[in-house]
Amino acid sequence: MKKKWTLAISISIIMLLPALVFGAATVKHYTFNISIGEWNILPDVKVKSLLINDQIPGPTIEVTEGDTVEVKVVNNSVPPHTIHWHGLEVPNNQDGVPYVTQDPIEKGESFTYHFVATPAGSRFWHCHWSTLLHISGGMYGPLIIHPRDPAQDLNKKYNVTLDRTMMVDSIDPEWQTKMLTMMEKMHSMEAMNAKKSGEKSSGERLFKSVAEYKQAIKDGYHSPYLKGLPKPSYKYHLIDGHPYPLIPPVKTKIGDTVRLRMINAGNIPHYFHFHGMQLTVVAIDGNTLESPYKVNAVPLFPGQAKDLILQPKIPGWWAVHDHAESGSTNNGHFPGGTMFLIGVANKNGKISDYTPKLSLTQ
Ligand SMILES: [Cu+2]
């Protein structure tokens, strides 16, 4: 009897060991309230957007590997949505692909996603319905999963003093505002028709069979929302919902180590060139590289994430900009877009004698 008890206690201790060493997993709850609203990317550039909790990017999910994440998505906007957890390994029915793993979340409905956060790394989430419009509309946000094992923690490995996430996106304000305005009108008309006929309004269309789908392609079918409208032409490029000069600078000092987690949620690539320093790429798509490498230009493709380690050695205001020039402009004017500054202070806390100014004629 005594032996059995000893065995049971030993087994319990062994099972608890990872939790005792690395801390216990917990459940983290989030609520995403989706609405259509206006977002000022610049003081006088207003864009009709798909806001989550009234913000762009949407909420940051920051958890430890193994935590359970519960996200209640409430659709207070007109179009349907699903949320995809980009780069995570979740149960198939939580992956958020409309008509592949779930029905879309229609206007007025809610859906709660439930999954274990894994694997660790800099990842993100985004809407997976009509992604061209819904991602540029603002439906994305960081999903940072810290490793449970401290030995895997890059912040510890590199003695990181500043850890900053940057979400990159490109938008065409005019196109986006037109599309969302038209969508609101169409949905209210559909709802009226559905009320008359007694049928449920399905918003956007679902083909009844493969034959119907094939016929529609043959006939040159366009989604009602795309009829007669050109594709977006990306005139503004954002980091965390704003272009330069509204992107807060990265402020650091000699001897410090910065980790930048850069994530491109948008539809076009960016080529970030860092002035005055080298940087080490330590992770791609959230996954730690076995052989980190040094660069000073970082291509960031749509859907890609890169973790960079910076240890600037020279004080000053250093520019970081998209080397494809249009990415550094606002509606064609330089400077703008995804350009941002890294302020490196000397031992006395001074960055530079020169204060950066704004010029739209340079
Ligand atoms: Cu959406």
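Guide: Two strands pair if DSSP finds at least two bridges between them. Helices (H or I, at least four residues) and strands (E, at least two) are DSSP runs, numbered from the N terminus. This is a predicted model: local features need pLDDT of at least 70, side-chain atom pairs count only at pLDDT 80 or more, and totals for chains, interfaces and linings use all residues. Residues are numbered from 1 along each chain as its sequence is written.

Visitor: How many helices and strands are in the chain?

Guide: The chain has five helices and 19 strands.

Visitor: In what order do the five strands of the open sheet stand?

Guide: The order is 11-19-18-13-16, and the pairing is mixed. Strand 11 (250-253) and strand 16 (297-300) are at the edges. Each has a single partner strand, so one side of each has no neighbour in the sheet. From one strand to the next, the twist averages 20 degrees.

Visitor: In what sense do strand 13 and strand 18 pair?

Guide: Strand 13 (residues 270-274) and strand 18 (residues 316-322) are antiparallel, over three bridges. Look for Phe 272: Asp 322 in strand 18 stands opposite.

Visitor: What makes a residue buried or exposed?

Guide: Count the other C-beta atoms, placed from the backbone, within 10 Å of its own: 20 or more is buried, 12 or fewer is exposed, and in between is partly exposed. Of the 362 residues in this chain, 35% count as buried. Lys 347, in the segment after strand 19 (340-345), counts as exposed because it has 9 C-beta neighbours inside 10 Å. Its C-alpha atom is 9.2 Å from that of Pro 315, 32 residues apart along the chain.

Visitor: How many of the nine residues of helix 5 are buried?

Guide: Zero, so to speak of cover: helix 5 (residues 210-218) is hardly covered. Just after helix 5, Gly 220 has a positive phi of about 75 degrees.

Visitor: Which residues have the most contacts inside the largest nonpolar core?

Guide: In soluble globular proteins, nonpolar side chains tend to be buried together. A nonpolar core is a set of buried Ala, Val, Leu, Ile, Met, Phe, Trp, Tyr and Cys residues joined through C-beta atoms within 7 Å. Here the largest has 62 residues, and Phe 124, Met 167, Val 168 and Met 262 have the most contacts inside it. Strand 1 (residues 27-42) gives the most, with five residues. Domain 1 (24-152) and domain 2 (236-345) both give residues, so this core lies between them. A second, separate core has six residues, including Val 78 and Met 179.

Notes:
Axes fitted to C-alpha atoms, helices over the stretch in contact; angles between N-to-C directions. Domains from an automatic or database assignment.
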